[in-house]
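Please examine the sequence and the three-dimensional structure shown below. The paragraphs that follow lead through the strands, the cores and the disulfides in turn.

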Amino acid sequence: MCVNLSLMLMLLFLSGAVCSERKVTYQQHICAVKGSSVVIPCSFYYPENLQVKKVMWGHEKSNIFDGPFIFESEMNETASRFQYIGDKEHNCSFKIHDVEKNDAGKYAFRFMTNDKSSYTGTAGSTLKVIDLNVSMMRPNDNRVTKEGDSVNLTCINGCDSDHLSSAFTWFKNGEPKNEGPVLYLSNMNPTDSGNYSCSLKTHTGTASRVININVEYAPKNTSVSGRPLMEVEAGTNITLICSSHANPPVDYTWFKIDESHVLDVGHQPELFTADGGQYFCIATNKHGRQYSSVVTVKIKERWPSFNRDVLIITLSVAVLLIVIAAVAVMKLKTRPRAEETNCEEDSEDADYVNMPDFCTKQSQQRSQGRSKKKRTRAEETNCEEDREDAVYANMTVMKKQSKGRRQGEGATGSSRQTPTMMRKV
């Protein structure tokens, strides 16, 4: 671009150097991409004895002789999109930044010399503003892009010529993707869907129109899920949900396997049912169909749960009764032994209690019969024998009492006979 501009200015300068009159030379036709920056080459000439005091650029939308002008050297509009890049000698080139569509049209240069005379190059330079264009080539000129297809996108700059080719950058959904005039998309899949555009590499603001690529494909990942679960109580409704990934969207069909038959039971993504059994769904669009796997819905009856609870309670009560019975039997087994022990203790107590009384009575009777004589050794022996006999008799009575208690007789009556029998002895 810089070499071409220098060459152009040199030619313009040489063409006007032989003339001593006022003259402005332009590149008559300029093309620019919207959003880019463009330079309008220009050269001007005037008598050597004069000096240039003021330069101006005008647009055909205004009076190119009297203005208002889009640029004046004395205005110093540094923030303007219009920039004078020439001088006050012979270069009158003009630059426009961030070109807009309404910048198109004819531009003319005007200058004023120190003799207070002005000159305008009425021939002017005409600017054309265009957008970058994108063309897309599909296989077999199909209007639909399917999974597995290949697509070529070409960025076109209408300002390019045979000897000039622009550098481009490609974008997908606003993010840089590749460089070059052509973007090749082969063996496409759903992830290739998106909005594509291109721009001049040196001017990212020159984005082309957006090309939307929508990759269509047959249903995939078709599956069934249940809410709340695949096993519910009797009388509870369950929601079966069929889901699938596809483009365009699919139509759903529900089926139930009933013994040897397959029944059509619904045509919505969701199926509401309270019946158990085996179910599956089919997702279908214009590119194909896919079956889900078969799922089984189980219905739990309420009565098995009730019987189970009753059984648990019954077993618990039975175990408790067995424990109580075992404790009662243990107590019954230990009670007679305790009674025998008590009986033996009572007999021993009776020996020690009754024996002194018996011996005392026998001693008193014998003493009275012998006129208060001292007991002889034989009498003492007889007393000891009597005491042993009394102990033996008393023990015999106690055993009979113990046996009577076990047979249900009154223990109190037996114990009361002990002193009488002892007295008989």
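Which residue in E6 is the bridge partner of Trp-57? The partner of Trp-57 in E6 is Phe-71. The model is a predicted one, in which local features need pLDDT of at least 70 and side-chain atom pairs count only at pLDDT 80 or more, while totals for chains, interfaces and linings use all residues. Residues are numbered from 1 along each chain as its sequence is written, and side-chain values use heavy atoms, with hydrogens and water left out.

Strands, written E, are DSSP runs of at least two residues, and helices, written H or I, are DSSP runs of at least four; both are numbered from the N terminus. Two strands are said to pair if DSSP finds at least two bridges between them. Strand E5, residues 52-59, pairs with strand E6, residues 71-72, in the antiparallel sense over two bridges. E5 also runs antiparallel to E9, and seven bridges join E5 and E9. Within this pairing, Lys-54 has Met-112 in E9 as its bridge partner. Seven of the eight residues of E5 are buried, and the strand is thus described as mostly covered. Here, buried means under 20% relative accessible area, exposed means over 50%, and partly exposed lies in between, calculated with a 1.4 Å probe on protein chains only.

In soluble globular proteins, nonpolar side chains tend to be buried together. A nonpolar core is a set of buried Ala, Val, Leu, Ile, Met, Phe, Trp, Tyr and Cys residues joined through side-chain atoms within 4.5 Å. The largest such core has 27 residues, of which Phe-44, Trp-57, Ile-96 and Phe-109 touch the most other members. Strand E9, residues 105-113, gives the most to this core, with four residues. What does Ile-96 contact, leaving aside its neighbours within four places in sequence? With contact meaning heavy atoms within 4.5 Å, the residues in contact with Ile-96 are Ser-36, Ser-37, Val-38, Ile-40, Arg-81, Phe-82, Asp-103, Tyr-107 and Leu-127. A second, separate core has 19 residues, including Val-134, Val-151, Leu-153 and Phe-168.

Another part of the model is an open sheet. Four strands form this sheet in the order E16-E15-E18-E19, with antiparallel pairing. Strand E16 (175-179) and strand E19 (211-213) are the edge strands, each of which pairs on one side only. From one strand to the next, the twist averages 35°; such angles, which run from 0 to 180 degrees, are taken between the N-to-C directions of axes, that is, lines fitted to C-alpha atoms, for helices over the stretch in contact. E18 and E19 are joined in the antiparallel sense by three bridges, and Asn-195 has Asn-212 in E19 as its bridge partner.

The disulfides come next. A disulfide is a covalent bond between the sulfur atoms of two cysteines. Here it is identified as a pair of cysteine sulfur atoms within 2.5 Å. A search of the whole structure finds four disulfides. One of them joins Cys-31 to Cys-159, with an S to S distance of 1.9 Å. Cys-31 is in strand E2 (residues 29-33) and Cys-159 is in the loop between strand E14 (151-156) and strand E15 (168-172), so this pair links distant parts of the chain, 128 residues apart. The torsion about the S-S bond of Cys-31 and Cys-159 is about -65°, and the disulfide is therefore left-handed. Cys-31 is partly exposed at 30% relative accessibility, whereas Cys-159 is buried at 19%.A further disulfide joins Cys-155 to Cys-198, with an S to S distance of 1.9 Å. Cys-155 lies in strand E14 and Cys-198 in strand E18 (residues 194-200), so the pair ties together parts that are 43 residues apart in sequence. Its torsion about the S-S bond is about 70°, so the disulfide of Cys-155 and Cys-198 is right-handed. Cys-155 is buried at 5% relative accessibility, and Cys-198 is buried at 0%. The disulfide between Cys-242 and Cys-281 has an S to S distance of 2.0 Å, and both of these cysteines are buried.

Finally, Lys-34 is found in the loop between E2 and strand E3 (38-40). At 40% relative accessibility, Lys-34 is partly exposed. Lys-34 and Ile-130 are 96 residues apart in sequence, yet 5.7 Å apart in space, C-alpha to C-alpha.
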